[in-house]
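Subject: Structure handover

Hello,

I am passing a structure on to you, with notes on what turned up in it. Please look at it first and then read on.

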Amino acid sequence: MNIASPLIALVGVVVGAVLSYAFAVLGESRRERWALNREWRERRLQTYGAYVADVKRMRSIAQRIGADVGLDDQAPRLRREDGLDQLAEANMARGNSFEALAMMAGRDLVEAARELNRTVWRLEWFARGLLDDADVEGWHIAAGNYYEAINRFNHLARTELGVTGELSPRAAEKSPREHYEQERRTRTSKAA
């Protein structure tokens, strides 16, 4: 009786069982990592989105107050006295969402968010009357800086989240009045 043949078969079964177990453990580990990465990506997306929404709300209120004092001609007017509390609440929400972002984001994205904070604070200071209400050019420069900062933030957030495709950057738009005047001049020149 040859003992080698059953021993080889037994070794084959043991090796097969060990390999099967090892591949099952590796597969399960991969699935867990994938699920965890997906969950964190979703949480980061929600956190980054909440932060941007809070920044935009703050900018919108500042822009409306700026319209009331003659700095901006695109937004509906909001009296400074009526808007300051709204602006303070928006700033508090922005601060809270920034802290959540700072715990989840990478260094470059946090720095981009800090720059975005600085640009929206500049608009807030104009709205609060802490900067010159007659400096329309300074307001437009601050608004342009805001758009540059939010575009940079969005670019880095998309990269961090693995979003493919190109970012469609935001820019300050001409006011409806400027568009109208340009169209009017075009019509007048064609009629002449």
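I will start with a pair of helices. The axes of helix α3, which covers residues 107-128, and helix α4 cross at roughly 155° and come within 9 Å of each other. Because angles over 145 degrees count as roughly antiparallel, α3 is described as roughly antiparallel to α4. The crossing of these two helices, α3 and α4, is left-handed. What kinds of residues make up the contact of α3 with α4? They divide into 15 nonpolar, three polar and five charged residues.

Please keep in mind that this is a predicted model.

Next, the aromatic rings. How many aromatic pairs does a search of the whole structure find? The search finds five. One of them joins tyrosine 51 and phenylalanine 98, with 6.2 Å from centre to centre and 55° between the planes, which makes the pair tilted. Tyrosine 51 belongs to helix α1 (residues 4-68) and phenylalanine 98 to helix α2 (residues 80-104), so this pair links distant parts of the chain, 47 residues apart. Tyrosine 51 and phenylalanine 98 are both buried.

Tyrosine 51 also pairs with phenylalanine 153. That pair is tilted as well, at 5.3 Å centre to centre and with 55° between the planes. Phenylalanine 153 lies in helix α4 (residues 136-161) and tyrosine 51 in helix α1, so the pair ties together parts that are 102 residues apart in sequence. Both tyrosine 51 and phenylalanine 153 are buried. Taken together, ring pairs link Tyr48, Tyr51, Phe98 and Phe153 into a cluster.

- Is it buried or exposed? Alanine 143 has a relative accessible area of 15%, so it is buried, the cut-off being under 20%.

- With a relative accessible area of 56%, proline 169 is over the 50% cut-off and so counts as exposed. The C-alpha atoms of proline 169 and glutamate 148 are separated by 8.5 Å, and these residues are 21 residues apart along the chain.

Regards

Definitions and conventions: Residues numbered from 1 in each chain as written. Predicted model: local features only at pLDDT ≥ 70, side-chain atom pairs only at ≥ 80, totals over all residues. Heavy atoms only, no water. Phe/Tyr/Trp six-rings, centres within 6.5 Å; stacked < 30°, edge-to-face > 60°. Helix = DSSP H or I, 4+ residues; strand = E, 2+ residues; numbered from the N terminus. Buried < 20%, exposed > 50% of the residue type's maximum accessible area, 1.4 Å probe, protein only. Axes fitted to C-alpha atoms, helices over the stretch in contact; angles between N-to-C directions. Parallel < 35°, antiparallel > 145°, perpendicular 65-115°, else oblique. Left-handed = near helix turned anticlockwise from the far one by under 90°. Nonpolar A, V, L, I, M, F, W, Y, C, P; charged D, E, K, R; others polar.
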